[in-house]
Amino acid sequence: MTEAVETPTTPVVAPPLTARGRWLDVWDPENPTFWERTGAKIARRNLVASIFTEHIGFSIWSLWSVFVLFLTPAYGISTDPKQAAAEKFLLTTLPTAIGAGARIPYTLAVAKFGGRNWTIVSALLLLVPCVAVAVALEPGTSYGDLLVLAALAGFGGGNFASSMTNINSFYPQRLKGAALGLNAGGGNLGVAAVQLIGLAVLATAGKAHPRVLVGVYIPLIVLAALAAALLMNNITNVKNEKHAMRDVCRDPHTWVMSFLYIGTFGSFIGFGFAFGQVLQNQFPSHFWASGLVKGKHVVDPVHVAYLTFLGPLVGSLIRPVGGWLADKVGGAKTTFWNFVLMAASATVVLVASLEKSLVLFFIGFIALFAFTGVGNGSTYKMIPAIFRSKATLLVDAGADSVAAEKESRRFANALIGIAGAIGAFGGVLVNVAFRQSFLSNQNGNAAYIGFIAFYAVCFIVTWFVYLRKSPSRLAGV
């Protein structure tokens with residue numbers, strides 16, 4: 001009887017962690033020994049600081065969703081209610097647009113300057129809109145000055161892109177979903193947080209003192225920059241993949257997914273910026289202050305602020321559910337049904353508007369916020385699945401598996417940056433739709449009809465490209 005000979009196995013050796021100051025020269029999270037010994041602790045430390053900074057960035061980006069509740073004719077706003085509503089929607093449109101445009105350069109900056117270095121810089125840039133507001137936002141300010149101040153808040157919109165790109169480099173593939181979900185969800189909560197803090201300012205300092213709000217955030221910005229400096233690292237081997245964004249733009253899935261992301265994240269950030277104004281303009285009699293001002297009823301922004309934070313809060317907290325559902329039943333199927341439910345929720349909002357029912361209106365809008373959060377998670381899950389499926393087809397056709405997998409990751413990372421930027425422009429479209437609807441009809445009904453139609457197009461596109469049985473259908477999306 002021959003004895004079995006045990007074949008010696010080569011132990012997995014963790015590469016030594018070498019660093020120059022805050023630069024990590026070796027970073028190999030896919031190596032389990034390296035990850036357990038040193039990588040996980042460092043990655044968690046970077047993630048915590050990143051979430052904090054991104055959260056503050058979202059709050060600064062959303063500042064004007066609160067400020068518009070304070071603004072009266074003393075701040076250069078028109079005395080005509082219809083024109084005033086249009087002017088206020090423009091004040092929330094500007095930071096949305098500029099923040100969306102900042103996302104691509106912010107994405108590229110991580111590899112150019114280092115994740116830690118750029119997080120410090122991007123945090124300190126948030127001081128610009130806050131200090132400007134602290135100096136200039138006072139009675140007697142012109143509407144033109146308000147537009148400039150609102151535009152500066154766009155700095156906060158880019159932080160999400162650089163934060164996600166940076167954290168993506170720290171985690172192994174098996175943990176990226178959870179890490180990026182925490183990072184994104186913690187950042188999105190900044191929209192609800194600034195509205196809660198705005199409510200506290202309104203309830204204590206009163207609507208005559210909007211600048212108190214930035215007095216709260218200036219110390220937090222300094223603390224975020226300090227946390228990034230003390231807790232974060234740069235990774236030496238992180239580089240911008242050559243021509244990745246240019247190459248992925250030639251793939252039709254880039255434009256399909258960017259379009260769908262307009263419907264999910266674009267709706268979330270657009271509704272987050274506009275919700276308070278919509279309530280204020282759609283149901284003013286429900287929010288009147290006690291007593292009359294110069295013989296007229298006026299809206300008390302404190303009463304409005306009691307409700308506005310709930311939508312962004314629900315949309316942020318539910319985002320991981322979209323990723324979980326996508327893992328269970330498939331990203332495309334989750335996204336399809338999510339858009340169906342978004343169209344149904346927008347229909348409830350329209351009916352409530354026609355019936356002048358604040359309770360039904362609020363329920364419909366909270367449902368809309370919830371489904372934007374689910375859709376954020378499911379669409380982001382679809383992106384890597386699309387390129388993994390395409391890589392599998394290439395390998396089956398004889399391509400090198402390592403090269404195909406590398407190309408899959410390269411395209412997925414580039415598309416995440418592009419979709420994030422284009423999707424954020426959906427927030428601009430939401431605010432423009434509301435502005436035009438209230439300017440023309442003094443209600444949001446035309447905008448709600450537009451949203452219903454858009455979500456219907458989104459679920460049709462999702463079915464046609466990713467669920468319809470056809471030879472070109474990608475498996476596993």
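Colleague: Between which helices is the place of Lys 356?

Modeller: The model is a predicted one. In it, Lys 356 has a phi near 60°, a positive value in a residue other than glycine. Its place is in the loop between helix H15 (331-355) and helix H16 (358-396).

Colleague: Is Lys 356 buried or exposed?

Modeller: A residue counts as exposed when its relative accessible area is over 50%. Lys 356 has a relative accessible area of 63%, and it is therefore exposed.

Colleague: Where is Gln 442 found?

Modeller: Gln 442 is not a glycine, yet its phi is positive, near 60°. With a relative accessible area of 54%, Gln 442 is exposed. Gln 442 is found in the loop between helix H17 (401-441) and helix H18 (445-467).

Colleague: Is Leu 137 buried or exposed?

Modeller: Leu 137 lies in the loop between helix H5 (127-136) and helix H6 (143-152). Leaving aside neighbours within four places in sequence, its contacts include Trp 64, Phe 67, Leu 146 and Pro 210. Buried means under 20% relative accessible area. Leu 137 has 1% relative accessibility, so it counts as buried.

How values were computed. Residues numbered from 1 in each chain as written. Predicted model: local features only at pLDDT ≥ 70, side-chain atom pairs only at ≥ 80, totals over all residues. Heavy atoms only, no water. Helix = DSSP H or I, 4+ residues; strand = E, 2+ residues; numbered from the N terminus. Buried < 20%, exposed > 50% of the residue type's maximum accessible area, 1.4 Å probe, protein only. Contact = heavy atoms within 4.5 Å.
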